[in-house]
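This report looks at salt bridges and at the nonpolar core of one protein model. Please have the sequence and the structure ready.

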Amino acid sequence: MTPPTAPGIRARNRAAIETEIRRVARRHLAESGAAALSLRAVARDLDMVPSALYRYVASRDDLLTLLIVDAYDDLGDAVDAALGPLEDAAPRSRFVAIAETLRTWALEHPADYALLFGSPVPDYRAPADRTNASGTRVYARLLTLAAGLRTVPDLAGLDEATQLEGAAALDTLVRDPQVALTGVTPLVLQRALAAWHLVHGAVTSEVFEQLGPDVATDPVALFAATADLATAVLFGDAD
């Protein structure tokens, strides 16, 4: 057996330290929120001097970016796992699976959900080149479902001109190379986003208790009703 080389040992040691830094930082995130995240406090809990921490993370913003990517990937992995057994299921069933996974993940990881979808962290802007790939994983799954639709269901009471104007507002997104490859139409994309906003809004309201605590006697049933409404918005009565 070939003994490990010094560079290999150093790489493993570095990876272990970086993992520990992120673990402690996520605990601070849960306890104090993203805006209060401090490299000095993280270093103290790791029994490191702050200057040593800079060998692994360049700044507080760098650490926030690492946590954001980790959270997006954790959510993306959860959605992938939920969809795995549903490869041959109807699109609306897969949409509901994505919705339910988002809710479950958010309730189990409220601090991570707040980091991704809560109030912006003052003086921080997530770098697109580092976060977009992870941050669009769930949206890519939704886009795949929407791309299979050639039209949208008729819903009573909608103003057609308003809907077309809303779809036209997504022209830049529709022409994005990755979106354009799917062949999704502006109207279908607009409807898919509307359906997802119903789901996302319901999850955000529950996680942040925006309606107050214990408003719904059965939060699971309330969310199921919202997800069902969202599928009707996107799929109508199609399977």
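Is Arg-14 buried, exposed or partly exposed? With a relative accessible area of 36%, Arg-14 is partly exposed. Buried means under 20% relative accessible area, exposed over 50%, and partly exposed in between (1.4 Å probe, protein chains only).

## Basis of the model

This is a predicted model, in which local features need pLDDT of at least 70, side-chain atom pairs count only at pLDDT 80 or more, and totals for chains, interfaces and linings use all residues. Residues are numbered from 1 along each chain as its sequence is written, and side-chain values use heavy atoms, with hydrogens and water left out.

## Salt bridges

The whole structure has 14 salt bridges (a side-chain nitrogen of Lys or Arg within 4 Å of a carboxyl oxygen of Asp or Glu). One of them joins Arg-14 to Glu-18 at 3.0 Å, N to O. These two residues lie four apart in helix H1 (residues 6-32), about one helical turn; helices are DSSP runs of H or I, at least four residues, numbered from the N terminus.

Arg-27 pairs with Asp-45, with the closest N and O atoms 3.0 Å apart. This pair links distant parts of the chain, as Arg-27 is in helix H1 and Asp-45 in helix H2 (residues 39-45), 18 residues apart.

## Nonpolar core

A nonpolar core is a set of buried Ala, Val, Leu, Ile, Met, Phe, Trp, Tyr and Cys residues joined through side-chain atoms within 4.5 Å. The largest one has 63 residues, of which Val-42, Leu-53, Leu-63 and Phe-95 touch the most other members. Helix H4 (residues 60-83) gives the most to this core, ten residues.
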